Amino acid sequence: MKPIESFPRAALGFFPTPVQKLENISALLGRNIYIKRDDLTGIGLGGNKVRKLEFLLADAKAQGAEIVFTTGGAQSNHAMLTAAAAGRLGMKAILVLKERGVTACVGNQLLERLMGTDVRFVDTDDYADIYAEMDRIGKELGRPYYKIPCGGSNALGALGYVACAREIAGQGLHFDHIVCAEGSGGTMAGLALGAKLYLPGTTVHGMMVDTDPFDKITPALMRETAGLLEIAPEITPADYPLRDMCGPGYAIASKEGNAAVKLMAEREGIFLDPVYTGKAFAGLLELAKEGVFAEQDNVLFLHSGGAGGLFAIEM
Ligand SMILES: *Cc1c(COP(=O)(O)O)cnc(C)c1O
């Protein structure tokens, strides 16, 4: 296996992020529930994209990029964090966003305003149009540029969550289950592959908050990421159990998600978000109710960030 250290990595975040027990929610559920605080990754408002950007932006730098393009919806946490991180590394971010969702100057749009980020909207549902627009702008500006896909979810980005699995292994507690949100796939694919490498006996559950075919996306990205590491582990559906928690649609709050956001806020003083982590934690509550977790099991919830959405998405 090629060591993760052999990939260039920009130091952007505070790692390892803390793992803490959710004492009140554990008492409520009669289960041992822990939280991995990837909402405290240390740039912007924190979040999972920082781990991916450490690898993606180091690659951009190594390739001599001056401009970094990325995309997402109007309230994309990934796009906002890309702008924050690229700026710190001396590159200029241009966000070519889908004109979908809340485009007003609230939430992540407000944060981008504060950073002076170059934000452009394209009225399309097709990412092919977006990537074509990036090439058009890049050629027009005539500077070396680098394109990061939606959510930073390619193999290089997913490597950030393989490294996170190794980080969890080094934090001392065995977890029988890890639960995370799945929106573009890199976090789940990285954690699920990383669990195979570093966390024997741990099942990673992906809580789908969008309607893409994650049953195909997840194993494909796991294999591609394994390919980067020059390994080819056997991957079966048992390695990436998925659950549909999307509700009324991507970036539209769900009743279950909102209840989970409120529960975490009331009992633990920790804020989830309506687009990703609230829906994902609602999925954890369902798994607990269905008896998927045994009484002595340790369960780890990945708090992947998303605070910006709290100030933009109607709940
Ligand atoms: C992007 C995002 C996710 C989903 O991660 P993917 O790697 O895109 O599947 C989860 N939580 C938050 C807060 C995010 O911004």
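**View 1. The second largest pocket has a lining of 5 nonpolar, no polar and 3 charged residues.** Here Ala, Val, Leu, Ile, Met, Phe, Trp, Tyr, Cys and Pro count as nonpolar, Asp, Glu, Lys and Arg as charged, and the others, Gly among them, as polar. This is a predicted model, where local features need pLDDT of at least 70 and side-chain atom pairs pLDDT 80 or more, while totals for chains, interfaces and linings use all residues. Residues are numbered from 1 along each chain as its sequence is written, and side-chain values use heavy atoms, leaving out hydrogens and water.

**View 2. Meet the residues around that second largest pocket.** Look for L29, E256, A259, A260, A282, L285, E286 and K289. A pocket, on a 1 Å grid over the protein atoms alone, is an open set of points where a 1.4 Å probe fits, with protein on both sides within 12 Å along at least five of seven lines; lining residues have an atom within 4 Å of a point. α10 gives the largest share of this lining, 4 residues (helices are DSSP runs of H or I, at least four residues, numbered from the N terminus).

**View 3. The largest pocket is lined by 49 residues.** G73, C150, D210, Y250 and Y276 sit nearest its centre. By class, the lining of the largest pocket splits into 15 nonpolar, 24 polar and 10 charged residues.

View 4. A disulfide needs two cysteine sulfur atoms within 2.5 Å, and the structure holds 0 of them. C164 is also buried, at 0% relative accessibility (buried means under 20% relative accessible area, with a 1.4 Å probe and protein chains only).

Terms used. Helices (H or I, at least four residues) and strands (E, at least two) are DSSP runs, numbered from the N terminus. Buried means under 20% relative accessible area, exposed over 50%, partly exposed in between (1.4 Å probe, protein chains only).
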